[in-house]
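Please look over the sequence and the structure shown here before reading on.

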Amino acid sequence: IALQLYSIRNDCARDFDAALAEVAKMGFQGVEFAGYHTYDKKPKELRKRLDDLNLKTAATHISTASLQGDALKQTIEFHQTIGCKFLIVPGDRDFTDPEKSKALAETFNKIAQTLKPLGMFCGYHNHKHEFEVSKEGGKTWWDLFAERTSKDVVLQQDCGWTAAAGF
């Protein structure tokens, strides 16, 4: 069982090490990162801190851009160092764009092909707007993305946002 650190982002910004220690003390087995900019740690340093607290990295929330081009190599290296297999995008403006959503799904398919031999995965985390109905056959954007991506692309479903969308 892991805690998404976004939910305690203010505590992390104040004192990241203390926040991680509290998470471990509460009995969580892992964490999901979101927003490395507040943590001010190098990957090896971060991995050591996690190991010292007996915490695993369940996943991370990062941008689509960090999974493309020259950034992908650095992203892979960083996440391999901290022991993170699941690279999840928590939003992309192209997701609900009628012209760009197909290309975004194909981008995720290609990234998944690159990550698969490394034992890593990319995916998408929903919010409420991904459940709006598209003009394509009355399907939601979430359903279209699922249809357009391979089984190697993770669909990280946020139950709270899904319920807020009425599903």
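## Helices α3 and α4

In which crossing, left-handed or right-handed, does α3 pass α4? The crossing of α3 with α4 is right-handed, where right-handed means that the near helix is turned clockwise from the far one by less than a right angle, and left-handed that it is turned anticlockwise. The contact joins P43, K44, L46, R47 and L50 of α3 to F78, Q80, T81 and I82 of α4, contact being heavy atoms within 4.5 Å. Sorted by class, the residues of this contact are 5 nonpolar, 2 polar and 2 charged; Ala, Val, Leu, Ile, Met, Phe, Trp, Tyr, Cys and Pro count as nonpolar, Asp, Glu, Lys and Arg as charged, and the others, Gly among them, as polar.

Helix α3 covers residues 43-52 and helix α4 residues 69-82, and the two pack at an angle of about 25° with their axes 8 Å apart. Such axes are lines fitted to C-alpha atoms, for helices over the stretch in contact, with angles running from 0 to 180 degrees between N-to-C directions. α3 and α4 are therefore roughly parallel to each other, a term for angles under 35 degrees, whereas over 145 is roughly antiparallel, 65 to 115 roughly perpendicular and the rest oblique.

## Basis of the model

This is a predicted model, in which local features need pLDDT of at least 70 and side-chain atom pairs count only at pLDDT 80 or more, while totals for chains, interfaces and linings use all residues. Residues are numbered from 1 along each chain as its sequence is written, and side-chain values use heavy atoms, with hydrogens and water left out. Helices are DSSP runs (H or I, at least four residues), numbered from the N terminus.

## Helices α2 and α3

Helix α2 (residues 16-25) packs with α3 at an angle of about 35°, their axes lying 10 Å apart, and α2 passes α3 in a right-handed crossing. On the α2 side the contact is made by F16, D17, L20 and A21, and on the α3 side by L46, R49 and L50. This contact holds 5 nonpolar and 2 charged residues, with no polar ones.

## Helices α5 and α6

Between helix α5 (residues 101-115) and α6 the angle is about 45° and the axes are 9 Å apart, so α5 and α6 are oblique to each other. Here S101, K102, L104, A105, F108 and N109 of α5 meet W141, F145 and R148 of α6.

## The cavity

The whole structure contains 1 cavity of 30 Å³ or more, a cavity being a set of points on a 1 Å grid over the protein atoms alone where a 1.4 Å probe fits but cannot get out. The largest cavity is lined by F95, S101, W141, L144, F145 and R148, lining residues having an atom within 4 Å of a point. Helix α6 (residues 141-148) gives the largest share of this lining, 4 residues.

Methods
1 Å grid on protein atoms, 1.4 Å probe; cavity = no way out; pocket = protein on both sides within 12 Å on 5 of 7 lines; lining within 4 Å. Points joined across faces, edges and corners; volume = space filled by probe spheres on them.
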